[in-house]
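Work through these exercises with the model open beside you. Try each task before you read its solution.

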Amino acid sequence: MVGGGPAGLNAALVLARSRRRVLVIDKEMPRNHVTKESHGFLTRDGITPSEFRRIAREQILKYPSVLFQSGVVSSVTGGDGDFRLQLESSEATVRSRKLLFATGMKDVLPDIEGISEVYGTSAFVCPFCDGWELRDRQISVIAPNDSNLHYVKMISGWTKRLTVLTNASLLTDEQRAEINIHGIALVEESIQRIESHQ
Ligand SMILES: Cc1cc2nc3c(=O)[nH]c(=O)nc-3n(C[C@H](O)[C@H](O)[C@H](O)COP(=O)(O)OP(=O)(O)OC[C@H]3O[C@@H](n4cnc5c(N)ncnc54)[C@H](O)[C@@H]3O)c2cc1C
């Protein structure tokens with residue numbers, strides 16, 4: 001198994017219970033590593049991502065057929081029945097009959113100065129994850145295109161104090177009218193820099 005985030009850990013648990021031998025190779029850089037608390041997962045609301053993984057590993061390691069290895073898989077050769085995995089910083093090759101990728105996804109942040117410094121602490125991607133903590137507060141939504149504009153209406157459920165930042169993307173008159181109808185402030189200039197003063 002390549003990847004030991006929630007998806008990989010859950011798969012490892014089920015495979016272990018199915019009496020499969022599993023090696024979980026994990027780079028230990030999960031998507032949510034920037035966040036302090038994870039929300040909305042039943043029985044674990046508010047848990048830190050590292051504590052979530054610690055509990056999961058502890059439970060999985062009760063099953064004798066699972067091993068964890070820290071490392072980065074840099075290449076895979078072979079095929080079904082005989083995969084060969086090369087790890088960065090190791091000459092050794094890992095062989096496996098089956099291969100499961102649970103490597104997660106990578107967030108591509110907008111090209112705005114300062115955004116990576118505030119990402120996960122005061123800039124967020126998922127209102128269901130962090131909206132409750134920000135309820136009724138002033139929130140700016142960077143919504144430069146159609147697909148993001150739907151967020152604006154959704155987020156108004158958490159706060160009415162909203163500003164839409166288009167970051168110089170052009171809006172149609174229809175989109176502008178829709179934003180105005182909801183009484184939402186609109187800034188159409190490009191964003192120079194993001195700073196957090198919390
Ligand atoms: C800022 C932020 C806040 C979030 N808050 C919440 C929340 O409150 N509630 C919620 O439910 N969800 C939240 N999420 C979403 C949550 O993080 C993801 O849904 C979850 O991490 C997906 O799990 P995963 O196992 O698919 O991927 P990941 O957690 O990203 O795990 C993938 C693992 O694979 C490893 N990996 C990748 N490539 C390799 C390789 N080549 N070799 C070895 N290992 C590799 C990575 O290092 C990582 O450890 C948040 C996400 C972000 C970005």
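**Exercise 1. Which residue in β5 is the bridge partner of L85?**

Step 1. Know your source. This is a predicted model, where local features need pLDDT of at least 70, side-chain atom pairs count only at pLDDT 80 or more, and totals for chains, interfaces and linings use all residues. Residues are numbered from 1 along each chain as its sequence is written, and side-chain values use heavy atoms, with hydrogens and water left out.

Step 2. Find the strands. Strands are DSSP runs of E with at least two residues, helices are runs of H or I with at least four, and both are numbered from the N terminus. Strand β5 covers residues 93-96 and pairs with β4 in the antiparallel sense over four bridges. Two strands count as paired if DSSP finds at least two bridges between them.

Step 3. Read off the partner. In β5, L85 is bridged to V94.

**Exercise 2. Which side chains of β4 are buried?**

Step 1. Set the cut-offs. Buried means under 20% relative accessible area, exposed means over 50%, and partly exposed lies in between (1.4 Å probe, protein chains only).

Step 2. Walk along residues 82-87. The side chains alternate. F83, L85 and L87 point to one face and are buried.

Step 3. R84 and D82 meet in a salt bridge (2.8 Å, N to O). The term means a side-chain nitrogen of Lys or Arg within 4 Å of a carboxyl oxygen of Asp or Glu. R84 is partly exposed at 31% relative accessibility, and D82 is partly exposed at 26%.

**Exercise 3. Examine helix α2. Which of its residues are buried?**

Step 1. Check the length. Helix α2 has 12 residues (49-60), so at 1.5 Å a residue it should span 16 Å. The expected span is 1.5 Å times one less than the number of residues. The end C-alpha atoms are 17 Å apart, which agrees.

Step 2. List the buried residues. They are P49, R53, I55, A56 and I60. They lie on the same side of α2, because they cover an arc of only 160° around the axis. The arc is that of the directions from the helix axis to the C-beta atoms.

Step 3. Find the cover. It includes α1 (6-17) and β2 (66-70).

Step 4. R54 forms a salt bridge with E51, with the closest N and O atoms 2.9 Å apart. Both lie in α2, three residues apart, about one turn of the helix. An α-helix has 3.6 residues a turn, so residues three or four places apart point the same way. R54 is partly exposed at 42%, as is E51 at 29%. E51, R54 and E58 are linked in a network of salt bridges.

**Exercise 4. How many salt bridges does a search of the whole structure find?**

Step 1. Take the total. The search finds 12.

Step 2. Study one of them. K153 forms a salt bridge with E178, the closest N and O atoms being 3.0 Å apart. K153 lies in helix α5 (residues 146-155) and E178 in helix α6 (residues 173-181), so the pair ties together parts that are 25 residues apart in sequence.

Key: Contact = heavy atoms within 4.5 Å.
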